Amino acid sequence: MKKIIELSVLALDQENEKRFKEQFENCLKYNIKDIHYDVMDNEFVPNKSFMNLEFLDYLIDKGCNISVHLMVADVEKFVKQIVTKKVKYITFHCEAEKIEKSIEIIKYIRSKGIKGGIAIKPSTNLNDYKELIKMSDKITIMSVEPGFGGQKYIDGSEIRVNKIRELCYNDTILEIDGGINDKTMLLCKNNINHFVTGSFLFNNIEKFEELKKILN
């Protein structure tokens with residue numbers, strides 16, 4: 001399965017729409033089209049981001065492949081808004097819902113022609129969520145505590161990645177999110193399909209093609 005680098009738009013200026021668009025236009029010059037779109041509600045995590053879905057519409061209009069990562073308490077509410085958009089993936093935190101409800105939500109996402117799955121915090125007990133891991137099309141594995149960009153990769157996250165790979169199907173897409181750069185992505189290269197990077201990629205955008213070659 002091809003390795004993909006997703007740009008987290010947390011690295012862009014969401015406070016200024018004009019500036020956001022200027023920054024992203026520059027990303028497009030380097031053929032960056034795989035986008036990680038973090039939605040935070042200041043409830044599930046102590047931060048707020050991209051509640052305004054106009055940014056999402058803009059990225060869709062630009063022909064991006066979008067993976068939405070929901071860090072929200074009311075998962076169902078946001079899922080119902082986002083499944084109306086042309087996104088490729090939606091993952092939400094398993095810790096935010098009961099397992100039975102999470103199963104319903106993943107099935108609902110799939111019914112709309114979108115691949116669905118869970119996101120997992122670094123300290124979450126994997127054994128509690130084996131059923132959700134098995135049924136997910138895509139799993140967002142956090143290598144930092146969710147809520148803020150620019151954090152340092154938690155040492156040993158690659159070991160956790162290996163454990164999750166053992167629990168899921170071979171065709172499940174695993175992505176790593178948090179502190180990912182040219183060095184940390186190599187630690188978990190074997191079992192990760194998608195690598196989420198925000199500030200590192202945005203600040204080293206000219207290295208995008210080089211990074212892809214390293215991974216593939």
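The structure is a predicted model, in which local features need pLDDT of at least 70 and side-chain atom pairs count only at pLDDT 80 or more, while totals for chains, interfaces and linings use all residues. Residues are numbered from 1 along each chain as its sequence is written, and side-chain values use heavy atoms, with hydrogens and water left out.

I turn to the overall build. The protein contains 9 helices and 9 strands; these are DSSP runs numbered from the N terminus, with helices being H or I of at least four residues and strands being E of at least two. Its radius of gyration is 16 Å, close to the 17 Å that the globule rule gives for 216 residues, so the protein is as compact as a globular protein of that length. For reference, that radius is taken over C-alpha atoms, and the rule is 2.2 Å times the number of residues to the power 0.38. The C-alpha trace spans about 40 × 35 × 30 Å along the principal axes.

Of the 216 residues, 52% count as buried. Here buried means under 20% relative accessible area, exposed means over 50%, and partly exposed lies in between, with a 1.4 Å probe and protein chains only. Among contacts with a separation of 6 or more, 67% come from residues 24 or more positions apart, a contact being heavy atoms within 4.5 Å.

Next, helix 4. This helix covers residues 99-111, which makes 13 residues, and it reaches 18 Å from its first C-alpha to its last, close to the 18 Å expected at 1.5 Å a residue. The expected span is 1.5 Å times one less than the number of residues. Which residues of helix 4 are buried? They are S102, I103, I105, I106 and I109. Seen down the axis of helix 4, these buried residues fall within an arc of 165 degrees, so they line one face of the helix; the arc is that of the directions from the helix axis to the C-beta atoms. That buried set packs against helix 3 (75-82), strand 5 (89-93), strand 6 (115-120) and helix 5 (130-135). On the other side of helix 4, E100, K107 and S111 are exposed. Just after the helix, G113 adopts a positive phi of about 80 degrees.

I now come to the salt bridges. How many does the structure hold? The structure holds 11, where a salt bridge is a side-chain nitrogen of Lys or Arg within 4 Å of a carboxyl oxygen of Asp or Glu.

Helix 1 (residues 17-28) provides two examples. E17 pairs with K21, the closest N and O atoms being 3.1 Å apart, and these two residues lie 4 residues apart, about one turn of the helix. E17 counts as partly exposed at 38% relative accessibility, and K21 does so at 29%. R19 and E22 also meet in a salt bridge, at 3.9 Å from N to O, and they are 3 residues apart in helix 1. R19 is partly exposed at 39%, as is E22 at 42%. By way of background, an α-helix has 3.6 residues a turn, so residues three or four places apart point the same way.

Helix 4 contributes a further pair: the side chains of K101 and E104 meet at 3.6 Å, N to O, and the two residues are 3 residues apart within that helix. K101 has a relative accessible area of 25% and is partly exposed; E104, at 48%, is partly exposed too. Elsewhere, salt bridges that share partners join E6, K138 and E175 into one network.

Finally, two individual residues. L201 sits in helix 8 (residues 199-203) and counts as buried at 0% relative accessibility. Leaving aside residues up to four places away in sequence, L201 touches I5, L7, I32, F208 and L211. Between L201 and F78 there are 27 Å from C-alpha to C-alpha, with the two being 123 residues apart in sequence.

Q23 and L12 are 11 residues apart in sequence and 6.7 Å apart in space, C-alpha to C-alpha.
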